Amino acid sequence: MMTRTLTLTVLVTASALLSGCFNNAEAICEKRKECFSNSLNVNRCADELDDWANARDQDRRKDRLADCADCLDRRTCAQIRTECIGACVGVP
């Protein structure tokens with residue numbers, strides 16, 4: 001039973017990564033929920049960030065989302081406060 005659960009978990013995770021369903025906005029919002037606001041609605045947050053990125057200056061804003069998500073991904077919640085300010089400043 002344990003092997004089946006582990007296999008299913010790996011397959012679902014791999015499928016999500018290969019399909020690209022977890023984007024930069026979702027990564028940022030997941031980290032915000034984990035580190036700052038446990039009650040944050042991740043889907044709503046990601047939708048708002050995607051809307052922001054698509055509103056104008058799309059390439060620049062999408063690059064900012066990618067830079068911020070990359071910074072957050074490699075750090076703990078304690079590190080984010082000091083090390084990701086530059087990468088995430090201006091991201092609503």
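Reader: Which cysteine forms a disulfide with Cys29?

Author: This is a predicted model, and four disulfides are found in it. In one of them the sulfur atom of Cys29 lies 2.0 Å from that of its partner. The partner of Cys29 is Cys45.

Reader: Which helices does the link of Cys29 and Cys45 tie together?

Author: The two cysteines are 16 residues apart in sequence, so their bond ties together separate parts of the chain. The link is left-handed, with -75° about the S-S bond. Cys29 lies in helix α2 and Cys45 in helix α3.

Reader: Is Cys45 buried or exposed?

Author: A residue is called buried when its relative accessible area is under 20%. Cys29, the partner of Cys45, has 0% and is buried. At 8% relative accessibility, Cys45 is buried.

Reader: Is the disulfide of Cys68 and Cys88 left-handed or right-handed?

Author: The sulfur atoms of Cys68 and Cys88 are 2.0 Å apart. This pair links distant parts of the chain, with Cys68 in helix α4 and Cys88 in helix α6, 20 residues apart. The torsion about the S-S bond is about 100°, so the disulfide is right-handed.

Reader: Which residues does Cys88 contact, leaving aside its neighbours within four places in sequence?

Author: Cys88 sits in helix α6, residues 85-88. Cys88 is buried, with a relative accessible area of 17%. Beyond the sequence neighbours, the contacts of Cys88 are Cys68 and Leu72.

Reader: Where does Cys84, the partner of Cys71, lie?

Author: Cys71 and Cys84 form a disulfide with their sulfur atoms 2.0 Å apart. The torsion is about -95°, so this disulfide is left-handed. Both cysteines are buried. Cys71 is in helix α4, while Cys84 is in the loop between α5 and α6.

Reader: What is the pairing of the bonded cysteines, numbered in sequence order?

Author: The structure has four disulfides, among them Cys29 with Cys45, Cys68 with Cys88, and Cys71 with Cys84. Numbered along the chain, the pairing is 1-3, 2-6, 4-8, 5-7.

Reader: Which element gives the largest share of the largest nonpolar core?

Author: This core has 20 residues, and Ile28, Leu49, Leu65, Leu72 and Val91 touch the most other members. The elements giving two or more residues are α2, α3, α4 and α5. The largest share, six residues, comes from α3.

Reader: Which residues does Leu72 touch, not counting residues up to four places away in sequence?

Author: Leu72 is one of the core residues that touch the most other members. Outside its sequence neighbours, Leu72 touches Ile28, Lys31, Ile80, Cys84 and Cys88.

How values were computed: Residues numbered from 1 in each chain as written. Predicted model: local features only at pLDDT ≥ 70, side-chain atom pairs only at ≥ 80, totals over all residues. Heavy atoms only, no water. Core = buried A, V, L, I, M, F, W, Y, C linked by side-chain atoms within 4.5 Å. Buried < 20%, exposed > 50% of the residue type's maximum accessible area, 1.4 Å probe, protein only. Helix = DSSP H or I, 4+ residues; strand = E, 2+ residues; numbered from the N terminus. Contact = heavy atoms within 4.5 Å. Disulfide = S-S within 2.5 Å.
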